[in-house]
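Q: Could you show me how to read strand pairing and ring contacts in a model?

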Amino acid sequence: MFTGIIENTGLVKSIATSTSGRSAAKLVVDLQKRPRGLKEGQSVALNGVCLTAVAIDGSECTFELVEETIKKTSLGGLKAGSIINVERSLKVGDRLEGHFVLGHVDGRATITKMQEKPGEVRMWFRMPKRLAKYVVKKGSVALDGISLTIVSVRDRTASVSLIPHTVQVTNLSAKKAGDKLNIETDVLGKYILD
């Protein structure tokens, strides 16, 4: 379980089709700072996708991706040099600063507009039709693993306001209209509505 509060960004070193037959692809990420205490077999959210660390070498960590992850998330579109959001899983007793994020991505959203305003960036995104009922004004959403609050919603398009700090410390600093984001709707809303 995660909270959507990004700890740091990482840099994709490589993503390649796996030849081992164990997984569809291997993703190697430089976590930018030594992943203190991270051990093989532990969970890490990368752009909001819960993955298992399978090898650690200094600050570089290897993750295996299955076909479902490649099809349903934006991770399959990463390239060497891509900036990726990193969040370690919660420990019992940790503060819950964002909202409950499982790392089980519901699909991909597309940024339709990013508008700079004094003290904020307003970002609009379009989501799959099947997810629209779970995205409500003032509700929570995780976009690329970032816990955000919905400002407006109309049909399949919604907006969020980003404070300068969020833009600066996440991969949103490199995003533009047309880019894909992983979307995980609020788990509590899903259980209430379904």
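The dialogue below takes up the strands and then the rings.

A: This is a predicted model, in which local features need pLDDT of at least 70, side-chain atom pairs count only at pLDDT 80 or more, and totals for chains, interfaces and linings use all residues. Residues are numbered from 1 along each chain as its sequence is written, and side-chain values use heavy atoms, with hydrogens and water left out.

Q: In what order do the six strands close into a barrel?

A: Strands are DSSP runs (E, at least two residues), numbered from the N terminus, and two of them pair if DSSP finds at least two bridges between them. Here the barrel order is β1-β2-β5-β4-β3-β6, with antiparallel pairing. Neighbouring strands of this sheet are turned by 45 degrees against each other on average, direction ignored, where the axes are lines fitted to C-alpha atoms.

Q: Which strands pair with β11?

A: Strand β8 (residues 120-126) pairs with β11 (residues 157-162) in the antiparallel sense over six bridges, and V121 has L162 as its bridge partner. Strand β10 (residues 146-154) also pairs with β11 in the antiparallel sense, over four bridges, with V153 opposite A158. β10 and β11 form a hairpin with two residues between them, and D155 in the turn has a positive phi of about 55 degrees.

Q: What lies over the face of W124?

A: A charge sits over a ring if NZ of Lys or CZ of Arg is within 6 Å of the ring centre and within 35 degrees of the ring normal. In this model K113 lies over the face of W124, at 4.8 Å from the ring centre.

Key: Axes fitted to C-alpha atoms, helices over the stretch in contact; angles between N-to-C directions.
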